[in-house]
Structures are given as structure tokens and as C-alpha cells.
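The sequence and the structure come first, and my notes follow.

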There are 2 protein chains.
Amino acid sequence: MSEQAAVYEHLSARARLLAAANELFYEEGLNTVGIDRIIERAGVAKASLYNTFGSKDALVHAYLVGRHEARRARIIARIEALPSARARILGIFDEMEQRASEPGFKGCAFVRASAETREGSCVKAVCEETRAWLLDLLRSLAKDSGASDPEALARQLMVLYDGAAVAGQMDGDANATRMARAVAEQLVPG
Amino acid sequence: MSEQAAVYEHLSARARLLAAANELFYEEGLNTVGIDRIIERAGVAKASLYNTFGSKDALVHAYLVGRHEARRARIIARIEALPSARARILGIFDEMEQRASEPGFKGCAFVRASAETREGSCVKAVCEETRAWLLDLLRSLAKDSGASDPEALARQLMVLYDGAAVAGQMDGDANATRMARAVAEQLVPG
DNA sequence: GGTGTACTATACAGATCGGTCTAGTTCCAG
DNA sequence: CTGGAACTAGACCGATCTGTATAGTACACC
């Protein structure tokens with residue numbers, strides 16, 4: 001068992017594999033990281049990976065589903081107590097700023113994943129799901145905010161959100177998220 | 001020579017390799033596409049690739065440098081005749097909208113490339129170069145536009161630009177570029 | 001005609017890829 | 001005590017990867 005693997009000591013093989021995939025796939029890319037690197041970091045036998053997930057593709061899928069659920073949970077936890085639609089919208093950007101400030105932030109996992117998969121991949125479906133969820137949330141909040149054109153506002157906020165993540169990925173700082181938030185403040189009424 | 005390769009008929013081996021790399025790397029990713037696929041589409045012998053570029057990494061680098069120069073040329077050609085800083089800023093978004101409307105648009109090549117390379121790669125340098133160029137351009141235009149805080153405006157426009165490209169990549173339409181342009185219209189004075 | 005350059009075709013090397021298989025260990029439940 | 005589930009270690013498979021080496025072709029220039 002590697003040094004890295006010791007961190008996951010008490011977890012099941014499945015959880016350890018997901019934790020390792022979560023780090024390696026996100027940091028270095030789906031195709032750059034091989035099965036061997038993952039099982040080494042997870043401290044798990046190769047047979048366990050194939051018993052649990054069946055294939056690398058399935059592990060990739062599980063990794064992305066986990067990312068989607070984690071982000072959803074973080075955003076909801078962040079904004080649920082906020083008093084207004086406007087505050088909740090800005091809270092979404094605050095949540096990203098927090099993540100972008102942490103070391104190891106590399107942008108949106110779904111954008112990264114979709115950059116290295118062909119058209120018909122199962123990755124695409126998860127990406128669409130998570131984007132649809134976020135757009136729905138923004139649309140709902142835009143409506144509640146009293147915007148004159150909630151649909152357009154939601155899409156503009158989505159562009160800002162995506163742009164902040166990419167700029168964070170490429171430039172390695174959280175400044176872009178503050179810029180995006182500043183623009184959002186101007187766009188959202190109230 | 002494959003069917004695809006016939007397109008590049010009159011070009012040198014170097015140009016054909018770059019053209020093939022430009023399609024395949026962009027569409028499917030740096031690590032997904034192997035040398036064999038590239039030389040097949042280029043209709044070129046493997047030895048020619050290694051005589052010309054020396055390694056796959058060097059081909060990747062040349063591909064990205066070509067992308068950078070092509071984009072710079074397109075943007076400059078698009079905005080040079082425009083009458084004001086404001087028009088030139090919006091022209092940058094118009095240029096992207098045009099590209100995003102073409103079939104096969106998959107977002108920013110540099111974002112895609114950086115999503116599948118480790119930290120210390122030579123890809124990083126080209127990405128920084130092209131981003132620095134665009135940010136400089138936006139900063140200069142923001143200053144000329146008479147904005148009260150040109151630096152902040154430039155960075156906000158950069159977020160919008162990045163976001164538009166990503167949304168185009170993920171959603172497969174040019175609508176996001178129009179949304180980004182609409183926000184830019186609000187931000188730039190005049 | 002002869003020489004060099006640019007190129008092609010293809011076999012090959014060594015590493016690594018995803019994935020399978022066997023054999024053995026640990027440990028809890030009946 | 002026994003059986004089964006969960007897991008480990010590692011050999012192994014065929015395919016594919018980047019890169020090299022060999023041998024030969026087409027053509028321009030002197």
C-alpha cells in the first residue's frame with residue numbers, strides 16, 4: 001500500500017477507488033491517468049476495481065456522478081439559508097470563489113472531462129445533467145429575483161459561472177470568480 | 001493515402017501534419033489521438049513526422065502555437081477597421097460567435113489542451129502566452145473605451161469570453177456568445 | 001548523369017494500456 | 001467449524017502507444 005493510500009485507511013475499496021479517481025482524474029485528466037495509478041493511490045487490488053466497477057469507463061462515470069452530487073450539495077448548503085434570490089445567486093459565486101481559493105483547484109471537472117472524450121461518450125450525459133441542474137437553479141432564482149427576462153439572465157449568469165471556472169483553471173487564482181460576482185451583482189436586480 | 005488525406009494534396013508534409021493535428025487534437029483530445037491516426041489522416045509517413053517535428057509533444061506544441069496565431073489573426077482582422085474601442089470589444093465577441101456557429105466548434109483549444117496535461121507541460125506556456133495576449137488586448141481596449149476601472153473591465157470581459165467559449169463547447173450552440181456579448185454591451189461605456 | 005533532399009512504406013522495439021485470471025488471505029455469519 | 005463474501009498480489013493477455021531503424025522512391029539542382 002502506498003503512502004497516499006494510508007489516508008483512506010478505514011474506507012471500503014469502492015470509496016477508496018472513488019477518492020483516488022477524484023484526485024487523479026481531476027488533476028491530470030481521464031486519459032492521462034491509467035488504472036495502475038489509481039489502484040496504487042487507492043491501495044487496492046486491480047481485481048477489486050473490476051469487481052466493483054467493471055471497467056475504467058464505469059469508474060469515470062461514477063467519478064463524474066460523485067462530482068455532480070458533491071457540487072449540488074455544496075451549493076445548496078451554501079445558499080439555502082440566504083434571505084433573497086439575489087443573495088442566493090451571489091452565494092453560488094461565493095461558493096465557487098471558496099473552491100477556487102483552495103490549492104489544487106483546476107476548474108470545472110465536467111469541462112475538463114468533456115475536453116477529452118469523443119462525441120458519443122457516457123461522459124456527455126453526466127455533463128448535460130449537471131449543467132441542466134445548474135441552469136434550472138439559476139433560472140428559478142432569476143425568476144424569483146424579479147428580472148425582466150429571467151431566461152436571459154439565467155444564461156448570462158451561466159456564462160459568468162463557466163468563465164470564472166475556466167479563468168480559475170487557466171490562471172490559477174480566484175480573482176476571476178470575484179470579477180464574475182461583480183458582474184452578477186450588476187445584472188441581478190435588487 | 002486515406003480519403004481524408006486527399007484534401008491536403010498539394011501541401012508539404014509539415015503542413016499536412018499540422019492540418020491533421022489541428023482537426024484531430026482539437027476534436028478528440030491530445031491523449032486520445034495517437035500518432036498513427038494523425039499520419040493516416042495527413043497521408044504522410046511516420047518517419048516524416050519525426051523528421052519534421054521530432055516528437056509528439058513538439059507536434060502538440062506546434063499545433064497550439066498555430067491555433068494561437070490563427071486566433072490572433074482572426075481577431076485583429078475582425079476589429080481593426082472598427083471605429084471605436086467599444087465596437088472593437090464587441091467585435092471580439094462577434095468573432096467568437098461566428099466561430100461558435102460553425103459546425104465542429106468545441107470551445108477553446110487551450111482550455112481543452114490544458115485539461116489533459118500535467119502541471120509542468122510545455123502546453124502551459126503556450127496557454128499563458130495566448131491568454132496574456134488576449135488580456136492585454138482587452139486591457140488596452142478597456143482603457144480606450146474610457147472605463148473608470150479598465151483593469152477590472154478587462155478581466156470581466158475575459159471571464160465573459162471564457163464563459164462563452166465553454167458554454168459553446170458544452171451546449172453545442174452559439175447562444176452563449178450572444179449572451180456574453182449582451183453583458184459586454186452593458187459593461188463597456190459608450 | 002550524379003548527388004542530395006524530401007519523402008514513403010513497413011517492420012520493429014520497449015513500454016504501457018485496459019482487462020482477465022488464478023490463487024490465496026481475512027473475516028464475519030450461520 | 002464451515003462457507004461465502006470481500007479483498008489482495010501478481011502473472012498474464014492482446015492491443016496500442018511513442019519512437020526508431022531500414023530500405024527504397026521521386027525529383028530538383030549542378
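**Entry 1: the DNA strands**

I began with DNA strand C, which has 18 residues around it, and A:G34, A:I35, A:K56, B:A45 and B:S48 come nearest; a residue is near a strand or molecule if its C-beta atom, placed from the backbone, lies within 6 Å of it. I then listed the elements that give two or more residues to this surface, and they are α2 (35-42), α3 (46-52) and α4 (56-79) of chain A together with α3 (46-52) of chain B. Helices here are DSSP runs (H or I, at least four residues), as strands are (E, at least two), both numbered from the N terminus. The largest share of the surface near DNA strand C, four residues, is that of α3(B).

I noted that this is a predicted model, in which local features need pLDDT of at least 70 and side-chain atom pairs count only at pLDDT 80 or more, while totals for chains, interfaces and linings use all residues. Residues are numbered from 1 along each chain as its sequence is written, and chains are lettered from A and ligands numbered from 1 in the order in which they are written.

By class, the surface near DNA strand C has seven nonpolar, six polar and five charged residues, where Ala, Val, Leu, Ile, Met, Phe, Trp, Tyr, Cys and Pro count as nonpolar, Asp, Glu, Lys and Arg as charged, and the others, Gly among them, as polar.

Which residues are closest to DNA strand D? I found A:A45, A:S48, B:G34, B:I35 and B:K56, out of 18 residues that surround DNA strand D. At least two residues each are supplied to this surface by α3 of chain A and by α2 (35-42), α3 and α4 of chain B, and α3(A) gives the most, with four residues. The surface near DNA strand D divides into eight nonpolar, five polar and five charged residues.

**Entry 2: chain A as a whole**

I counted nine helices and zero strands in chain A, and its C-alpha atoms fill a box of roughly 55 × 35 × 30 Å along the principal axes. Of the 190 residues in chain A, 43% are buried; the cut-offs, applied to C-beta atoms placed from the backbone, are 20 or more other C-beta atoms within 10 Å for buried, 12 or fewer for exposed, and partly exposed in between. Among the contacts in chain A with a separation of 6 or more, 63% join residues 24 or more positions apart, a contact being two residues whose C-beta atoms, placed from the backbone, lie within 7 Å.

**Entry 3: where the chains meet**

The contact takes 32 residues from chain B and 32 residues from chain A. On the side of chain B that touches chain A, two or more residues come from each of α6 (109-114), α7 (122-144), α8 and α9 of chain B, and α8(B) gives the most, with 13 residues. By class I have 17 nonpolar, eight polar and seven charged residues on that side.

I next looked at α9(B), where B:A176, B:T177, B:M179, B:A180, B:R181, B:V183 and B:A184 are buried. What covers them includes α8 (150-171) and α9 (175-187) of chain A, together with α5 (85-101) and α8 (150-171) of chain B.

**Entry 4: helix pairs in chain B**

Helix α4(B) (residues 56-79) packs against α7(B) at an angle of about 5°, with the axes 9 Å apart; axes are lines fitted to C-alpha atoms, for helices over the stretch in contact, and angles run from 0 to 180 degrees between N-to-C directions. The pair is therefore roughly parallel, the term for angles under 35 degrees, against over 145 for roughly antiparallel, 65 to 115 for roughly perpendicular and oblique for the rest. The residues making the contact include B:L64 and B:H68 of α4(B) and B:V126 and B:W133 of α7(B), and by class the contact has seven nonpolar, three polar and three charged residues.

The axes of α5(B) and α8(B) come within 11 Å and cross at roughly 10°, so α5(B) is roughly parallel to α8(B). Here B:I89, B:F93, B:M96 and B:A100 in α5(B) meet B:L157, B:Y161, B:A164, B:A165 and B:G168 in α8(B), and this contact has eight nonpolar, one polar and no charged residues.

**Entry 5: B:P189**

Leaving aside neighbours within four places in sequence, B:P189 is in contact with B:S145, B:G146 and B:A147.
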